[in-house]
Amino acid sequence: MHRSGTTMAWNVFKFCTALRGLGSIMILLVLGIVGVTYYAVVWTNYGPALLDGGLDSVAALVVILLFHFLLGMLLWSYFSVVFTDPGVVPSNWRPDSDEEQQGECDPLNSLEFGGLQPDSSNQRTRFCRKCNQHKPPRCHHCSVCGRCVLKMDHHCVWVVNCVGALNYKYFLLFLFYTFLETTLVTLLLMPHFIAFFSEEEIPGTPSTLATTFLAFVLNLAFALSVMGFLIMHISLVAGNTTTIEAYEKKTSPKWPYDLGRKKNFEQVFGVDKKYWLIPAYSEEDLRRMPELQGLKYPSKPDFDSQDF
(Lines give C-alpha, C1' and ligand atoms only; values in the text may rest on other atoms or scores of the structure.)
Protein backbone atom coordinates (compact mmCIF):
# COMPACT_ATOMS: atom_id res chain seq x y z
CA MET A 1 0.00 0.00 0.00
CA HIS A 2 1.39 3.39 -0.98
CA ARG A 3 2.32 5.81 1.78
CA SER A 4 2.88 9.49 1.30
CA GLY A 5 6.22 11.10 2.19
CA THR A 6 4.49 13.10 4.91
CA THR A 7 3.20 9.95 6.62
CA MET A 8 6.59 8.23 6.45
CA ALA A 9 8.35 11.31 7.86
CA TRP A 10 5.85 11.39 10.72
CA ASN A 11 6.45 7.71 11.48
CA VAL A 12 10.21 8.26 11.52
CA PHE A 13 9.75 11.24 13.83
CA LYS A 14 7.70 9.13 16.26
CA PHE A 15 10.33 6.39 16.13
CA CYS A 16 13.12 8.85 16.97
CA THR A 17 11.04 10.30 19.80
CA ALA A 18 10.54 6.79 21.18
CA LEU A 19 14.29 6.17 21.14
CA ARG A 20 14.87 9.37 23.10
CA GLY A 21 12.29 8.22 25.65
CA LEU A 22 14.20 5.01 26.40
CA GLY A 23 16.83 7.06 28.21
CA SER A 24 17.44 5.87 31.74
CA ILE A 25 15.41 2.70 31.11
CA MET A 26 18.25 1.22 29.05
CA ILE A 27 20.86 2.22 31.63
CA LEU A 28 18.78 0.59 34.37
CA LEU A 29 18.43 -2.51 32.21
CA VAL A 30 22.21 -2.75 31.79
CA LEU A 31 22.74 -2.29 35.53
CA GLY A 32 20.05 -4.89 36.21
CA ILE A 33 21.84 -7.47 34.05
CA VAL A 34 25.10 -6.63 35.83
CA GLY A 35 23.37 -7.06 39.19
CA VAL A 36 21.92 -10.47 38.32
CA THR A 37 25.31 -11.62 37.05
CA TYR A 38 27.14 -10.31 40.11
CA TYR A 39 24.73 -12.07 42.46
CA ALA A 40 25.03 -15.37 40.58
CA VAL A 41 28.83 -15.36 40.32
CA VAL A 42 30.03 -13.68 43.52
CA TRP A 43 27.34 -14.12 46.14
CA THR A 44 25.90 -17.48 45.11
CA ASN A 45 28.68 -19.59 43.64
CA TYR A 46 32.24 -18.30 44.10
CA GLY A 47 32.05 -16.02 47.13
CA PRO A 48 31.15 -18.85 49.57
CA ALA A 49 34.02 -20.94 48.13
CA LEU A 50 36.49 -18.47 49.65
CA LEU A 51 35.72 -20.00 53.05
CA ASP A 52 36.38 -23.58 51.96
CA GLY A 53 40.15 -23.36 52.28
CA GLY A 54 42.81 -25.00 50.14
CA LEU A 55 42.98 -24.81 46.36
CA ASP A 56 39.25 -24.15 46.09
CA SER A 57 39.68 -20.87 47.94
CA VAL A 58 42.65 -19.87 45.78
CA ALA A 59 40.74 -20.67 42.58
CA ALA A 60 37.70 -18.76 43.83
CA LEU A 61 39.87 -15.75 44.70
CA VAL A 62 41.43 -15.70 41.22
CA VAL A 63 37.99 -15.94 39.60
CA ILE A 64 36.54 -13.15 41.73
CA LEU A 65 39.53 -10.85 41.13
CA LEU A 66 39.37 -11.39 37.36
CA PHE A 67 35.60 -10.96 37.38
CA HIS A 68 35.84 -7.64 39.24
CA PHE A 69 38.66 -6.35 37.02
CA LEU A 70 36.71 -7.01 33.81
CA LEU A 71 33.52 -5.67 35.35
CA GLY A 72 35.29 -2.48 36.41
CA MET A 73 36.72 -1.93 32.92
CA LEU A 74 33.33 -2.71 31.37
CA LEU A 75 31.50 -0.15 33.53
CA TRP A 76 34.24 2.46 33.08
CA SER A 77 34.03 2.10 29.31
CA TYR A 78 30.21 2.00 29.34
CA PHE A 79 29.72 5.20 31.31
CA SER A 80 32.47 6.88 29.28
CA VAL A 81 30.35 6.27 26.17
CA VAL A 82 27.17 7.37 27.93
CA PHE A 83 28.51 10.64 29.34
CA THR A 84 31.00 11.66 26.62
CA ASP A 85 29.64 13.94 23.94
CA PRO A 86 30.28 12.19 20.60
CA GLY A 87 31.31 15.45 18.99
CA VAL A 88 29.33 18.55 18.07
CA VAL A 89 30.11 20.89 15.20
CA PRO A 90 31.37 24.23 16.59
CA SER A 91 28.94 27.04 15.83
CA ASN A 92 31.67 29.09 14.15
CA TRP A 93 33.11 26.23 12.07
CA ARG A 94 33.61 26.91 8.37
CA PRO A 95 35.41 24.89 5.67
CA ASP A 96 39.04 25.79 5.02
CA SER A 97 39.67 28.12 2.13
CA ASP A 98 41.23 25.27 0.14
CA GLU A 99 38.15 23.16 0.68
CA GLU A 100 35.86 25.98 -0.43
CA GLN A 101 37.88 26.57 -3.59
CA GLN A 102 38.77 23.02 -4.53
CA GLY A 103 35.95 21.12 -2.86
CA GLU A 104 36.14 18.68 0.00
CA CYS A 105 37.56 15.28 -0.79
CA ASP A 106 34.46 13.50 0.49
CA PRO A 107 33.18 10.62 -1.65
CA LEU A 108 29.89 10.53 0.24
CA ASN A 109 29.02 14.15 -0.51
CA SER A 110 26.43 13.45 -3.19
CA LEU A 111 24.64 11.08 -0.82
CA GLU A 112 23.92 14.02 1.49
CA PHE A 113 21.50 15.21 -1.18
CA GLY A 114 19.68 11.90 -1.62
CA GLY A 115 21.82 10.89 -4.58
CA LEU A 116 21.23 14.20 -6.39
CA GLN A 117 24.03 16.60 -7.18
CA PRO A 118 23.81 20.01 -5.46
CA ASP A 119 24.61 23.30 -7.15
CA SER A 120 27.32 22.60 -9.72
CA SER A 121 29.19 25.74 -8.71
CA ASN A 122 29.85 24.28 -5.26
CA GLN A 123 29.45 20.53 -5.55
CA ARG A 124 31.66 19.53 -2.64
CA THR A 125 30.42 21.88 0.06
CA ARG A 126 28.42 19.96 2.69
CA PHE A 127 25.65 21.78 4.47
CA CYS A 128 23.03 20.48 6.91
CA ARG A 129 19.67 22.04 6.20
CA LYS A 130 18.23 20.79 9.50
CA CYS A 131 20.96 22.36 11.65
CA ASN A 132 21.50 25.23 9.18
CA GLN A 133 25.27 24.92 9.35
CA HIS A 134 28.25 23.59 7.41
CA LYS A 135 29.21 19.96 7.94
CA PRO A 136 32.83 18.88 8.42
CA PRO A 137 34.09 15.80 6.57
CA ARG A 138 32.55 12.50 7.77
CA CYS A 139 29.90 14.34 9.81
CA HIS A 140 26.26 13.18 9.71
CA HIS A 141 22.98 14.40 11.16
CA CYS A 142 21.41 12.21 13.86
CA SER A 143 17.61 12.31 13.83
CA VAL A 144 17.44 10.94 17.37
CA CYS A 145 19.81 13.52 18.91
CA GLY A 146 18.51 16.21 16.57
CA ARG A 147 21.97 17.53 15.64
CA CYS A 148 25.02 16.82 13.50
CA VAL A 149 27.58 14.44 15.02
CA LEU A 150 31.27 14.39 14.09
CA LYS A 151 32.30 11.13 12.40
CA MET A 152 28.99 9.59 13.42
CA ASP A 153 28.95 5.80 13.53
CA HIS A 154 25.41 5.16 14.79
CA HIS A 155 22.97 6.01 17.55
CA CYS A 156 23.12 3.27 20.19
CA VAL A 157 20.07 2.72 22.41
CA TRP A 158 22.17 0.72 24.88
CA VAL A 159 24.34 3.73 25.72
CA VAL A 160 21.54 6.28 25.17
CA ASN A 161 23.93 8.33 23.06
CA CYS A 162 25.38 8.72 19.62
CA VAL A 163 28.66 6.98 18.91
CA GLY A 164 30.94 9.44 17.16
CA ALA A 165 34.45 10.82 16.93
CA LEU A 166 34.95 11.56 20.63
CA ASN A 167 33.54 8.35 22.14
CA TYR A 168 34.00 5.69 19.44
CA LYS A 169 37.09 4.29 21.16
CA TYR A 170 35.16 4.02 24.42
CA PHE A 171 32.37 2.17 22.60
CA LEU A 172 34.84 -0.33 21.14
CA LEU A 173 36.35 -0.92 24.58
CA PHE A 174 32.85 -1.40 25.98
CA LEU A 175 32.24 -4.11 23.38
CA PHE A 176 35.64 -5.67 24.07
CA TYR A 177 35.27 -5.87 27.85
CA THR A 178 31.62 -6.93 27.58
CA PHE A 179 32.67 -9.85 25.38
CA LEU A 180 35.44 -10.88 27.78
CA GLU A 181 33.20 -10.56 30.86
CA THR A 182 30.21 -12.38 29.41
CA THR A 183 32.43 -15.14 28.03
CA LEU A 184 34.08 -15.56 31.44
CA VAL A 185 30.70 -15.72 33.21
CA THR A 186 29.37 -18.20 30.65
CA LEU A 187 32.32 -20.53 31.25
CA LEU A 188 32.08 -20.14 35.03
CA LEU A 189 28.37 -20.90 35.19
CA MET A 190 28.28 -23.60 32.50
CA PRO A 191 28.87 -26.51 34.97
CA HIS A 192 26.00 -25.21 37.11
CA PHE A 193 23.79 -24.89 34.03
CA ILE A 194 24.57 -28.45 32.94
CA ALA A 195 23.76 -29.68 36.44
CA PHE A 196 20.19 -28.46 35.99
CA PHE A 197 19.63 -31.24 33.47
CA SER A 198 21.24 -34.02 35.52
CA GLU A 199 19.54 -36.24 38.05
CA GLU A 200 21.87 -35.18 40.84
CA GLU A 201 20.59 -32.98 43.63
CA ILE A 202 21.71 -29.36 43.22
CA PRO A 203 22.57 -27.39 46.36
CA GLY A 204 20.96 -23.98 46.80
CA THR A 205 17.60 -22.33 47.21
CA PRO A 206 15.11 -21.97 44.34
CA SER A 207 15.94 -18.25 44.05
CA THR A 208 19.70 -18.78 43.80
CA LEU A 209 19.25 -21.57 41.28
CA ALA A 210 16.91 -19.44 39.18
CA THR A 211 19.35 -16.52 39.30
CA THR A 212 22.23 -18.75 38.21
CA PHE A 213 20.16 -20.14 35.32
CA LEU A 214 19.09 -16.66 34.20
CA ALA A 215 22.61 -15.23 34.47
CA PHE A 216 24.02 -18.04 32.32
CA VAL A 217 21.40 -17.58 29.58
CA LEU A 218 21.79 -13.79 29.52
CA ASN A 219 25.59 -13.86 29.42
CA LEU A 220 25.69 -16.55 26.74
CA ALA A 221 23.29 -14.54 24.58
CA PHE A 222 25.28 -11.32 25.04
CA ALA A 223 28.63 -13.05 24.45
CA LEU A 224 27.46 -14.38 21.08
CA SER A 225 25.78 -11.16 19.94
CA VAL A 226 28.59 -8.85 21.10
CA MET A 227 31.15 -11.08 19.38
CA GLY A 228 29.44 -10.37 16.07
CA PHE A 229 29.40 -6.60 16.69
CA LEU A 230 33.02 -6.66 17.83
CA ILE A 231 34.19 -8.47 14.70
CA MET A 232 32.25 -6.01 12.53
CA HIS A 233 33.75 -2.95 14.23
CA ILE A 234 37.27 -4.40 14.09
CA SER A 235 36.87 -4.63 10.31
CA LEU A 236 35.56 -1.04 10.24
CA VAL A 237 38.54 0.25 12.21
CA ALA A 238 40.91 -1.66 9.90
CA GLY A 239 39.43 0.16 6.90
CA ASN A 240 38.99 3.51 8.68
CA THR A 241 35.25 3.62 8.10
CA THR A 242 32.15 4.01 10.24
CA THR A 243 28.96 1.96 10.11
CA ILE A 244 27.25 4.71 8.10
CA GLU A 245 30.19 5.10 5.73
CA ALA A 246 30.50 1.35 5.19
CA TYR A 247 26.91 1.30 4.01
CA GLU A 248 27.08 4.44 1.90
CA LYS A 249 30.48 3.92 0.27
CA LYS A 250 29.29 0.82 -1.56
CA THR A 251 28.85 3.18 -4.50
CA SER A 252 32.47 4.40 -4.22
CA PRO A 253 35.28 2.16 -5.51
CA LYS A 254 37.94 4.12 -3.57
CA TRP A 255 38.15 5.32 0.02
CA PRO A 256 40.52 8.24 0.69
CA TYR A 257 40.74 7.79 4.48
CA ASP A 258 42.17 4.27 4.41
CA LEU A 259 45.80 4.94 5.34
CA GLY A 260 46.75 1.37 6.25
CA ARG A 261 45.76 -0.68 9.27
CA LYS A 262 48.31 0.78 11.65
CA LYS A 263 47.44 4.43 11.00
CA ASN A 264 43.74 3.61 10.84
CA PHE A 265 43.98 2.01 14.28
CA GLU A 266 45.88 4.99 15.68
CA GLN A 267 43.20 7.39 14.43
CA VAL A 268 40.77 5.70 16.85
CA PHE A 269 42.98 4.56 19.75
CA GLY A 270 45.81 7.08 19.57
CA VAL A 271 49.56 6.50 19.37
CA ASP A 272 50.31 6.09 23.08
CA LYS A 273 50.11 2.33 23.74
CA LYS A 274 49.58 2.85 27.48
CA TYR A 275 46.13 4.25 26.73
CA TRP A 276 44.97 1.70 24.17
CA LEU A 277 43.00 -0.45 26.63
CA ILE A 278 41.50 2.30 28.78
CA PRO A 279 38.74 4.79 27.85
CA ALA A 280 41.01 7.84 27.78
CA TYR A 281 43.62 9.57 25.62
CA SER A 282 46.99 10.96 26.54
CA GLU A 283 47.36 14.75 26.42
CA GLU A 284 50.15 14.32 23.87
CA ASP A 285 47.87 12.40 21.49
CA LEU A 286 45.08 14.95 21.85
CA ARG A 287 47.54 17.75 21.10
CA ARG A 288 49.25 16.28 18.05
CA MET A 289 46.36 14.30 16.46
CA PRO A 290 43.58 16.64 15.23
CA GLU A 291 41.61 13.65 13.92
CA LEU A 292 40.86 12.66 17.53
CA GLN A 293 38.84 15.90 17.74
CA GLY A 294 36.75 14.85 14.75
CA LEU A 295 37.12 17.93 12.54
CA LYS A 296 40.00 17.07 10.17
CA TYR A 297 41.14 13.75 8.79
CA PRO A 298 44.22 13.03 6.68
CA SER A 299 43.66 11.29 3.37
CA LYS A 300 45.84 9.49 0.89
CA PRO A 301 48.38 11.89 -0.65
CA ASP A 302 47.82 10.45 -4.13
CA PHE A 303 44.04 10.62 -3.87
CA ASP A 304 42.38 12.60 -6.65
CA SER A 305 39.11 14.25 -5.68
CA GLN A 306 38.11 14.24 -9.36
CA ASP A 307 37.65 10.48 -9.14
CA PHE A 308 34.26 11.15 -7.54
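A cavity, on a 1 Å grid over the protein atoms alone, is a set of points where a 1.4 Å probe fits but cannot get out, and lining residues are those with an atom within 4 Å of a point. Grid points are joined across faces, edges and corners, and a volume is the space filled by probe spheres set on the points. The structure on your screen holds one cavity of 30 Å³ or more.

This is a predicted model, in which local features need pLDDT of at least 70 and side-chain atom pairs count only at pLDDT 80 or more, while totals for chains, interfaces and linings use all residues. Residues are numbered from 1 along each chain as its sequence is written, and side-chain values use heavy atoms, with hydrogens and water left out.

**The whole chain**

Begin with a cartoon view of the protein chain, which has eight helices and six strands; these are DSSP runs numbered from the N terminus, helices being H or I with at least four residues and strands E with at least two. From the N terminus on, the order of elements is α-α-α-β-β-β-β-β-β-α-α-α-α-α.

**The annotated spans**

Next, select residues 21-41, 61-84, 170-197 and 209-231, which an unreviewed UniProt entry lists under "transmembrane region"; the positions are in the numbering used here, feature names are shortened, and such annotations may be inferred rather than shown by experiment. In the model, residues 61-84 are 96% helix and 0% strand, with their end C-alpha atoms 34 Å apart. Residues 170-197 are 93% helix and 0% strand, and there the end C-alpha atoms lie 40 Å apart.

**Aromatic pairs**

Rings of Phe, Tyr and Trp (its six-membered ring) pair if their centres lie within 6.5 Å, and planes under 30 degrees apart count as stacked, over 60 as edge-to-face and the rest as tilted. Because the planes of Tyr-78 and Phe-174 stand at 50 degrees, with ring centres 5.1 Å apart, this pair is tilted. It links distant parts of the chain, since Tyr-78 belongs to helix H2 (residues 54-83) and Phe-174 to helix H4 (residues 168-195), 96 residues apart. Tyr-78 is buried, at a relative accessible area of 0%, and Phe-174 also counts as buried, at 10%; buried means under 20%, exposed over 50% and partly exposed in between (1.4 Å probe, protein chains only).

Move on to Phe-265 and Trp-276, whose ring centres are 4.9 Å apart and whose planes meet at 80 degrees, so the pair is edge-to-face. Phe-265 is partly exposed at 27%, and Trp-276 is partly exposed at 23%. For a group of rings, select Phe-193, Phe-196, Phe-197, Phe-213 and Phe-216, which form one aromatic cluster.

**Back to the cavity**

Which residues line the largest cavity? Select Lys-151, Gly-164, Ala-165, Tyr-168, Lys-169, Gln-267, Val-268, Tyr-281, Glu-291, Leu-292 and Tyr-297. The space inside amounts to about 70 Å³.

With those residues still shown, look at Lys-169, whose charged end sits over the ring of Tyr-281, 4.5 Å from its centre. A charge sits over a ring if NZ of Lys or CZ of Arg is within 6 Å of the ring centre and within 35 degrees of the ring normal.

Key:
1 Å grid on protein atoms, 1.4 Å probe; cavity = no way out; pocket = protein on both sides within 12 Å on 5 of 7 lines; lining within 4 Å.
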